[in-house]
Amino acid sequence: MTITEQTTALEAYQGCARCPDDLESFWRRCLAPTAKMAECHTHPVPFQNSAAVYEDLFIPSAGGGTIHARHIRPVGEGPFPIILMFHDLGRKIRGWHHMTRFTALGYAVVALENRLDASDQFQELPPLKLEQSFKDAFTVATAARALPYTDVAHLATWGEGFGGALALVTAALLPGEVRCAALNPMPADFRRRNGVSDEKLLSALDYMDPVNFAPFLRGSLLMGTGLMDKVAPPEGQYAIYNRAVCPKRHLVYPKYEHERINFFENELIKFLHL
């Protein structure tokens with residue numbers, strides 16, 4: 001197919017995911033103990049920049065262990081709008097220098113360090129691992145909202161790859177209107193995958209499928225898709241976008257795969273600067 005034929009077909013695709021009737025109540029039960037665990041311990045980082053404050057955050061997890069995140073905020077009393085950042089599998093948390101760019105826009109940043117290891121990069125994640133990752137993301141978001149410098153009325157989530165899925169799910173689960181930016185979000189549209197026929201497994205994955213969270217987004221959505229992506233198939237990405245009913249914009253890059261796209265990050269800055 002030509003690019004136009006391909007995108008035209010994808011623009012009509014709604015995905016194969018089946019949204020459980022009790023999706024909201026399921027996640028309310030899951031996140032109830034998570035919210036109570038969101039006590040944040042901060043450790044200053046001696047970064048040589050007089051315009052910003054740098055900290056490591058350590059948050060106990062309801063599933064055991066400790067969640068680590070990086071936090072940067074502009075100097076001053078605040079409150080500051082905040083960006084919750086999530087990175088892809090097989091990649092490290094974004095560096096302090098990269099995150100500092102957002103302080104120039106007046107934003108604070110909290111970036112989760114995923115607890116999944118490198119062996120998870122291209123494997124299919126089981127429901128329990130996905131559930132724990134979503135809980136970690138929500139725990140960090142809850143802790144970030146509770147920081148004294150946070151403007152809770154102005155939150156945004158941003159992620160790429162698996163981090164894109166975390167950004168989408170977190171924005172859908174948090175109260176209020178949370179803006180979301182996601183590049184090549186994955187995994188998604190589990191029922192479309194070849195070789196998966198166990199209905200019990202598929203039913204469990206329906207509770208974890210970002211496609212099913214898309215209708216719950218209330219803030220605006222900026223999404224980017226590399227049309228040659230083999231890791232996060234475009235069909236699943238389009239299913240997420242097509243099911244979202246919030247104000248939204250989809251940027252499609254025909255010659256890009258599952259990779260960082262500088263053109264999208266330029267649009268991200270514009271999206272946040274509104």
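Guide: Start with the second largest pocket, which has 13 lining residues. Glu 24, Trp 27, Arg 28, Ala 172 and Leu 173 lie nearest its centre. Two elements each give two or more residues to this lining: helix H2 (23-36) and helix H5 (162-173). H2 gives the most, with seven residues. The space in this pocket comes to about 250 Å³. By class, its lining has 10 nonpolar and three charged residues, and no polar ones. Keep in mind that this is a predicted model.

Trp 27 leads on to the rings. Besides being among the residues nearest the centre of the second largest pocket, Trp 27 belongs to a cluster.

In total, the structure holds 11 aromatic pairs. Take Phe 47 and Trp 96 as one of them. Their ring centres are 6.4 Å apart and their planes stand at 45°, so this pair is tilted. The two residues come from distant parts of the chain, 49 residues apart. Phe 47 sits in the loop between strand E1 (41-44) and strand E2 (52-60). Trp 96 belongs to helix H3 (residues 96-100). Phe 47 has 23% relative accessibility and counts as partly exposed. Trp 96 has a relative accessible area of 13%, which makes it buried. The cut-off for buried is under 20%.

Now turn to Trp 158 and Phe 264. Here the ring centres are 5.8 Å apart, with the planes at 35°, so this pair is tilted. Trp 158 lies in strand E6 (residues 150-160) and Phe 264 in helix H9 (residues 262-273). The pair therefore ties together parts that are 106 residues apart in sequence. Trp 158 counts as buried, at 2% relative accessibility. Phe 264 is buried too, with a relative accessible area of 0%.

About 60 Å³ of space lies in the largest cavity. E6 gives the most, with three residues. By class, the lining has six nonpolar, two polar and two charged residues.

Arg 179 lies over the face of Phe 271, at 5.3 Å from the ring centre. Arg 192 lies over the face of Tyr 13, at 5.2 Å from the ring centre.

Last, the record. An unreviewed UniProt entry places the feature "domain: Acetyl xylan esterase" at residues 8-115, 133-197 and 198-272. Over residues 198-272, the chain is 44% helix and 16% strand. The end C-alpha atoms of that stretch are 41 Å apart.

Technical notes. Residues are numbered from 1 along each chain as its sequence is written. This is a predicted model: local features need pLDDT of at least 70, side-chain atom pairs count only at pLDDT 80 or more; totals for chains, interfaces and linings use all residues. Side-chain values use heavy atoms; hydrogens and water are left out. On a 1 Å grid over the protein atoms alone, a cavity is a set of points where a 1.4 Å probe fits but cannot get out, and a pocket is an open set with protein on both sides within 12 Å along at least five of seven lines; lining residues have an atom within 4 Å of a point. Grid points are joined across faces, edges and corners, and a volume is the space filled by probe spheres set on the points. Helices (H or I, at least four residues) and strands (E, at least two) are DSSP runs, numbered from the N terminus. Ala, Val, Leu, Ile, Met, Phe, Trp, Tyr, Cys and Pro count as nonpolar, Asp, Glu, Lys and Arg as charged, and the others, Gly among them, as polar. Rings of Phe, Tyr and Trp (its six-membered ring) pair if their centres lie within 6.5 Å; planes under 30 degrees apart count as stacked, over 60 as edge-to-face and the rest as tilted. Buried means under 20% relative accessible area, exposed over 50%, partly exposed in between (1.4 Å probe, protein chains only). A charge sits over a ring if NZ of Lys or CZ of Arg is within 6 Å of the ring centre and within 35 degrees of the ring normal. UniProt positions are given in the numbering used here, feature names are shortened, and annotations may be inferred rather than shown by experiment.
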